[in-house]
Amino acid sequence: MSEGALRVGLVGYGVIGIYHLDLWSKVTGAEVVAVCDVVPERAQEAAAKFGSEAYYDYGDMLARAKLDAVDICTPSGMHAEQGILAAERGLHVLTEKPMDIDLAKADRLIESTERAKVKLACIFQYRVGPEARLAKQLIDDGKLGRLLSCSAYVKWWRDQSYYDSGAWRGTWALDGGVLSNQAVHSVDQLCYFCGPVKEAEYAYVTTTARKIEAEDFAIAVLAFENGAKGVVEATTCAYPGVTTRTEIIGEKGSASLEGPTVTSFKVLGEEIDIASETAKVDGRADARDIGLTGHAFQLQDFVDAIREDRRPFVTGRDARLAVDALTKIYRKAGAPRLGT
Ligand SMILES: NC(=O)c1ccc[n+]([C@@H]2O[C@H](COP(=O)([O-])OP(=O)(O)OC[C@H]3O[C@@H](n4cnc5c(N)ncnc54)[C@H](O)[C@@H]3O)[C@@H](O)[C@H]2O)c1
């Protein structure tokens, strides 16, 4: 362990936890000293690979491991509760997306971290590419003029074996459906570029093809607080997985993104060229097909934010916007309440 390194405890060594642990080994100024998973073999495998301690119970890890921060990679409906327990011990908190599926719990997590004066950050890799950040700056500077519409189309492919690979997947208690698991990246993107969602004017969610509790198909019409409107269309039943699109239309121009990547940014009468062909990976066909540059950026940013005592790139309050938007969509659609 290098002197002065931030001591991280990672909880949840599944699909995304495996990627996180690999990425942590490349982060400057931090080290994963403990890994916890309720499946002992997973925790042991991680511990053996990276020389960290293995824990099988999260409370036990918090009580016994010497930590400065936790990285939460467990099922979505556990994030807030696990984050609160960490904050109560004075630990900084990084969660995978979504910050939680239950808005009230997400709020309690934000309050706990603010009370404990620790950092709270959430992975939302669609925000963090350099072109997306530049597009955000240009939109905030008014280059597109007044925003008229912000829409996202998320037509992914997840077959039944994906849902069967984890008992939590597709459940109302711990996951939700395509909106809160897959489309949440794009909903977050809409909130990033366009601001908070005021209300869902129309919402329809249904379970068409998969044997899961929550929805595998959704359509919503959104009204943003800034007056713009938008559509979200999402499914996990679109074989073989169609490229994710986000479209932002303003009075003076428009921007398009494919997954995390800006593919067009056009302003009437001006030459602005920030489109990129890189980093188009968006998981549309395979849950393991995850572009990791955004994650790498956010893990380093989390550590630097702690060291420099500044806000992380995606704070808890930023990440709350997507949970709030999804809550409004699910309520409008009359879906069962997310969370316990
Ligand atoms: N940002 C991204 O691109 C991305 C990609 C995939 C998953 N995710 C998010 O990561 C989270 C996990 O998803 P996943 O696909 O890795 O799930 P997964 O089921 O593959 O992994 C979850 C792991 O958590 C462990 N676990 C469950 N309950 C636990 C507990 N109480 N204490 C300790 N360990 C526990 C499980 O045994 C499992 O190993 C979800 O919130 C998901 O939305 C994000």
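Predicted model: local features only at pLDDT ≥ 70, side-chain atom pairs only at ≥ 80, totals over all residues.
Residues are numbered from 1 along each chain as its sequence is written.

Helix α9 spans residues 184-194 and helix α11 residues 316-333; their axes come within 9 Å and cross at roughly 110°. Helices (H or I, at least four residues) and strands (E, at least two) are DSSP runs, numbered from the N terminus. Axes are lines fitted to C-alpha atoms, for helices over the stretch in contact, and angles run from 0 to 180 degrees between N-to-C directions.

From α9, the residues V184, V187, D188 and C191 meet L321, A322, A325 and L326 of α11, where contact requires C-beta atoms, placed from the backbone, to lie within 7 Å. By class, the contact of α9 with α11 has 7 nonpolar, no polar and 1 charged residues. Ala, Val, Leu, Ile, Met, Phe, Trp, Tyr, Cys and Pro count as nonpolar, Asp, Glu, Lys and Arg as charged, and the others, Gly among them, as polar.

## Helices α1 and α10

The axes of α1 (residues 15-24) and α10 (residues 293-308) come within 10 Å and cross at roughly 60°. This angle makes α1 oblique to α10.

Y19, L23 and W24 in α1 are in contact with H295, A296 and L299 in α10. The residues of this contact divide into 5 nonpolar, 1 polar and no charged.

## Ligand shell

The ligand is surrounded by 25 residues, the closest being G12, G14, V15, S76 and E96; a residue counts as near if its C-beta atom, placed from the backbone, lies within 6 Å. Helix α1 supplies the largest share of this shell, with 3 residues. By class, the shell around the ligand has 13 nonpolar, 8 polar and 4 charged residues.

## Domain organisation

The protein is divided into domain 1 (6-125 + 295-314) and domain 2 (130-285 + 320-333), with bounds that come from an automatic or database domain assignment. The C-alpha centres of the two domains lie 25 Å apart.

Domain 1 contributes 14 residues to the contact and domain 2 contributes 15 residues. The side of domain 1 that touches domain 2 has 9 nonpolar, 3 polar and 2 charged residues.

Notes: Parallel < 35°, antiparallel > 145°, perpendicular 65-115°, else oblique. Contact = placed C-beta atoms within 7 Å.
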